Amino acid sequence: MARSGLAGAARVARWADAALGPGRGSATAAGKAILSAATAEWAAEDLGLTPAQVRADWDTARLAGLVEVHGDTARPGWRLRAWDRDDSAVLRGWVALFDAWSLAHPEPEGNEPATVGEVVSAMPQVLSFLQLSAGPVPVPQLLDLLQQRVTELRTERCEVEYTPHSADTARPSPAPAPVEPGAADAPLAPLLEWALRALAAVGALTYGEGQATLTPLGSWAVWVKLEQICVAAQSPAGNIEQSAEDMLRGCAQLRPNAARAEYRAWLAARPVAGAVTELLDAARGEDALLRGLAFEALRVVGAPAEPEVRAVHDEPTLRPYALLWLAEHDGADPEDAHQVLTRDEATWLWVDTAAAVADHGEAPLLVRHLESAVQPTVPALLNEVRAVGHPRTVQVLVALAAAHPDPALAKAVRRAAFQVHTGG
């Protein structure tokens with residue numbers, strides 16, 4: 001159902017990928033990759049559509065994340081890339097369109113912006129009621145519910161205002177009286193009709209003959225939203241409101257399953273794009289432990305993080321982590337994913353992980369970390385560790401020398417640390 005609803009948008013997005021990408025045709029004389037009149041005519045001729053249909057499908061494609069406009073270029077979003085092989089990408093695209101229903105079909109002119117905003121804010125409760133009803137609901141009943149919810153929103157927004165009482169004193173004026181449910185009948189009825197028609201246009205419900213019914217896709221979307229709210233409300237470690245860095249620090253001592261539950265709760269409480277950016281910023285810091293944990297959280301994000309992860313895979317600090325993430329995302333077995341790394345990248349990652357162990361773990365863990373090196377012998381490892389230029393090399397080698405029980409090996413590691421320190 002989601003595929004059929006977005007088929008036209010996907011078609012226009014594929015056309016834009018071929019026609020408007022870097023080095024291809026220009027959308028306007030200024031080189032902007034937007035649908036000018038000329039570009040709409042061009043697409044309409046190529047696709048056998050009218051310019052109006054092209055513009056409508058283009059707007060849908062952008063809202064669904066099938067196409068992205070960056071400056072003067074248009075490029076396909078990750079959902080279009082995954083369209084044929086990943087049903088979840090299609091569903092995520094439709095949910096993005098569902099979330100943007102009020103943008104996809106703007107309200108009629110002549111309405112107060114504040115009232116429109118109240119109706120948009122109240123519609124999730126109306127949709128939840130439709131889902132619980134599991135069948136057609138008369139529009140007057142939905143209007144009743146909408147009026148009640150708008151009244152609640154207006155009441156919650158009321159603040160005590162202060163007015164002058166004398167030259168040096170002030171007293172509170174009476175709080176505004178709550179809006180009675182019947183007082184908003186006239187403005188809310190047409191806005192409810194607009195909202196129902198807009199939601200019907202994106203495929204969330206059917207509307208006609210004085211009643212509305214959620215479609216199976218709409219019912220699923222409302223259920224997902226409710227589930228996200230419940231997950232966000234049940235953060236096991238209570239880190240939902242923390243920054244990414246503080247959340248990751250809070251997860252450092254949790255077992256893997258508990259940490260993943262915390263990542264899911266943290267992610268459910270914020271937009272995906274902002275969360276991914278925040279996690280990558282945390283990964284760029286000096287704490288190697290947070291770097292590893294940030295990419296574990298990005299594994300929970302999954303496919304929506306792909307463009308951002310791919311964009312940072314040339315940053316030296318993040319490259320090994322990003323390459324492993326991308327390999328696993330593309331279907332590699334986690335145990336075999338390390339094969340995508342060069343010898344230098346694997347060695348750099350070994351030092352970075354050792355730095356995390358040295359900072360946050362116990363000495364025996366650092367000694368056992370030797371076993372994970374790709375080099376067959378300790379002398380070979382030391383030679384390559386000195387060559388990769390990790391900024392924490394000296395500290396890692398000093399900590400390893402102090403922790404290792406073999407005096408001869410510890411001496412060799414200390415010598416290597418000294419040589420790195422002095423530039424030898």
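**Leu318 and its contacts**

I began with Leu318 and listed what it touches beyond four places in sequence: Leu280, Ala283, Arg284, Arg291, Phe295 and Val312. I was working on a predicted model, not an experimental one. I placed Leu318 in the loop between helix H16 (306–311) and H17. Buried or exposed? I looked up Leu318 and found 0% relative accessibility. The cut-off for buried is under 20%, so Leu318 counts as buried. The C-alpha atoms of Leu318 and Ala283 are 7.3 Å apart. Along the chain, these two residues are separated by 35 positions.

**The chain as a whole**

I stepped back for the totals. The chain has 424 residues, and 42% of them count as buried. I noted 22 helices and seven strands. For contacts between residues at least 6 apart in sequence, I asked what share joins residues at least 24 apart. The figure is 61%.

**Helix H3**

Next I went to helix H3, residues 37–47. Which residues of H3 are buried? I found Thr39, Ala40, Ala43 and Ala44. These four cover an arc of only 135° around the axis, so they sit on the same side of H3. The spacing made sense to me, because an α-helix has 3.6 residues a turn and residues three or four places apart point the same way. I looked for what lies against the buried residues of H3. They pack against helix H2 (7–19) and helix H4 (51–63). On the face turned away from the buried side, I noted the exposed residues Ala38 and Glu45. Just after H3 comes Gly48, with a positive phi of about 70°.

**Glu209**

I also looked up a positive phi at a residue that is not a glycine. Glu209 has one, of about 55°. Where is Glu209 found? I located it in the loop between strand E6 (205–208) and strand E7 (211–214). Its relative accessible area is 80%, which means that Glu209 is exposed.

**The second largest pocket**

I then turned to the second largest pocket. Its space comes to about 1,000 Å³. I counted 39 lining residues, and those closest to the centre are Leu289, Gly292, Glu296, Tyr321 and Thr353. Which helices supply at least two lining residues each? I wrote down helix H13 (256–268), helix H15 (288–301), helix H17 (319–329), helix H18 (343–360) and helix H19 (363–369). H18 gives the largest share, with nine residues. I sorted the lining by type: 22 residues are nonpolar, ten polar and seven charged.

**His390**

My last entry is His390. I found it in the loop between helix H20 (378–388) and helix H21 (393–403). Its relative accessibility is 6%, so His390 counts as buried. What does His390 touch, leaving out residues up to four places away in sequence? The contacts are Trp348, Val351 and Asp352. The side chains of His390 and Asp352 are joined by a polar contact of 2.8 Å.

How values were computed: Residues numbered from 1 in each chain as written. Heavy atoms only, no water. Buried < 20%, exposed > 50% of the residue type's maximum accessible area, 1.4 Å probe, protein only. Polar contact = N/O pair within 3.5 Å; in protein donor to acceptor, adjacent residues only side chain to side chain. Contact = heavy atoms within 4.5 Å. Arc of directions from axis to C-beta. 1 Å grid on protein atoms, 1.4 Å probe; cavity = no way out; pocket = protein on both sides within 12 Å on 5 of 7 lines; lining within 4 Å. Points joined across faces, edges and corners; volume = space filled by probe spheres on them. Nonpolar A, V, L, I, M, F, W, Y, C, P; charged D, E, K, R; others polar.
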